[in-house]
Amino acid sequence: MHTSALRGSPEMPRPSGVHVRPEMDRMAAYIPGESLETFSTRTGISIEHIIKLNSNESPYGPAPEVMRALGDHSNYNTYPDTDSTALRRALADYTDVDSSYIAVSHGSNELINLLWHIFLSVGDNVICCPPTFSLYTFITTFCGAYVLEVPRTLDYEVDVTAILSALTPETKMIILCSPNNPTGNPICEQDVLALLETGCIVVVDEAYVEFSHSPRGLAHLVPHYRNLVVMRTFSKWAGLAGLRIGYGIFPTWIVSYLRRAQCPFEVNVAGHIAAIATLKHLDYTLDKVQRIIQERTRLFEVLANHAYLEPIPSQGNFILTRVCNEEVKMEHLRSVLESYGILLRYFNHPYLHDYVRFTVGLPDHTDRIAEALERIS
Ligand SMILES: *Cc1c(COP(=O)(O)O)cnc(C)c1O
């Protein structure tokens with residue numbers, strides 16, 4: 001919808017006699033957080049004045065050594081190493097899991113896409129625990145499969161008992177995001193172990209694990225289970241969202257299917273260089289992660305200061321906040337914050353229509369949020 005609107009011309013009708021897969025008509029396009037360019041065009045605020053806190057990106061760039069390594073490289077004319085040997089070796093050190101369990105892709109979203117296509121046939125289903133990352137549903141539909149929604153409990157926990165009774169013979173996978181986007185809480189290890197007993201492929205998406213109280217996550221369990229997958233990314237903690245680099249820790253039998261499913265040279269040379277240099281100069285980036293964690297505490301206090309806001313404690317680099325509708329209308333909050341150039345994530349999902357998600361940014365960004373919120377109270 002928004003792409004053809006951007007180009008300004010109406011969509012061309014499909015030629016008669018040409019068919020698309022029926023699931024394509026069940027599938028809406030995934031709508032990511034608004035870009036700087038689109039927000040700037042919509043509001044008239046220039047890009048340098050926008051505070052972009054809607055996609056959980058890092059406000060800190062990668063380490064200076066990363067930028068230098070990208071600039072110094074002289075072989076951009078050759079294809080990358082399709083086995084990602086050097087990066088997988090560096091990731092083995094970082095995760096403390098042997099490199100034979102590790103696969104790399106251009107963003108962890110692509111690994112989800114590949115994994116889903118490996119396991120799902122038309123009519124299968126995936127268990128998903130909303131509110132959570134909506135991309136899982138889009139990709140499931142793309143495969144001709146269905147999502148079985150098992151909502152989280154009132155305190156946003158995964159409801160293991162309800163999952164166990166929702167399972168059907170067609171259930172192939174259970175996807176758990178931990179810490180969960182957007183609620184910010186992690187899943188506990190015992191719950192994952194209980195779900196592994198089902199024999200389904202259990203996928204734990206740890207895109208935000210570096211910001212959590214247990215930054216090691218569950219990767220170390222993968223070699224001990226044949227049905228556990230852990231997904232990771234450089235997009236959030238490492239400030240590399242623009243270079244698209246993700247990885248996962250998989251049972252080795254799944255790694256060999258992934259290698260078959262993957263196009264050659266999927267991860268570009270720049271992505272490899274940046275990820276390897278990030279891991280080589282890890283202290284720089286981990287220090288930025290610590291700053292974001294500290295700022296998360298401060299942002300939480302700023303939000304909790306207002307009676308009309310109910311922030312939820314988070315172990316990610318974002319805070320989901322309920323807006324008490326009786327006191328302040330969401331549209332009002334949004335228009336005031338947008339007039340300050342603050343771009344946040346709003347939701348259409350029925351579970352989330354009175355919630356807004358703030359990415360944790362720089363201290364200056366928190367100050368600006370505080371200033372804007374004062375205007376509302
Ligand atoms: C941001 C995010 C990702 C990251 O995707 P990439 O393709 O690696 O950028 C994955 N999972 C969740 C839940 C996210 O929020």
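**Ring contacts and a helix pair in a predicted model**

Lysine 288 lies over the face of tyrosine 60, 5.5 Å from the ring centre (NZ of Lys or CZ of Arg within 6 Å of the ring centre and within 35 degrees of the ring normal). Lysine 288 also lies over the face of tyrosine 284, at 4.2 Å from the ring centre. The model is predicted, with local features requiring pLDDT of at least 70 and side-chain atom pairs counted only at pLDDT 80 or more, whereas totals for chains, interfaces and linings use all residues. Residues are numbered from 1 along each chain as its sequence is written, and side-chain values use heavy atoms, with hydrogens and water left out.

The structure holds 10 aromatic pairs (ring centres of Phe, Tyr and Trp, the last by its six-membered ring, within 6.5 Å; planes under 30 degrees apart are stacked, over 60 edge-to-face, the rest tilted). Tyrosine 30 and phenylalanine 133 form an edge-to-face pair, at 6.3 Å centre to centre and 75° between the planes. This pair links distant parts of the chain, 103 residues apart. Tyrosine 30 is partly exposed because its relative accessibility is 25%, while phenylalanine 133, at 17%, counts as buried (buried, under 20% relative accessible area; exposed, over 50%; partly exposed, in between; 1.4 Å probe, protein chains only). Tyr30, Phe133, Tyr136 and Phe138 form one aromatic cluster.

Helices α3 (residues 64-72) and α10 (residues 269-280) pack at about 145°, with axes 9 Å apart (axes are lines fitted to C-alpha atoms over the stretch in contact; angles run from 0 to 180 degrees between N-to-C directions; helices are DSSP runs of H or I, at least four residues, numbered from the N terminus).

Notes: Helix = DSSP H or I, 4+ residues; strand = E, 2+ residues; numbered from the N terminus.
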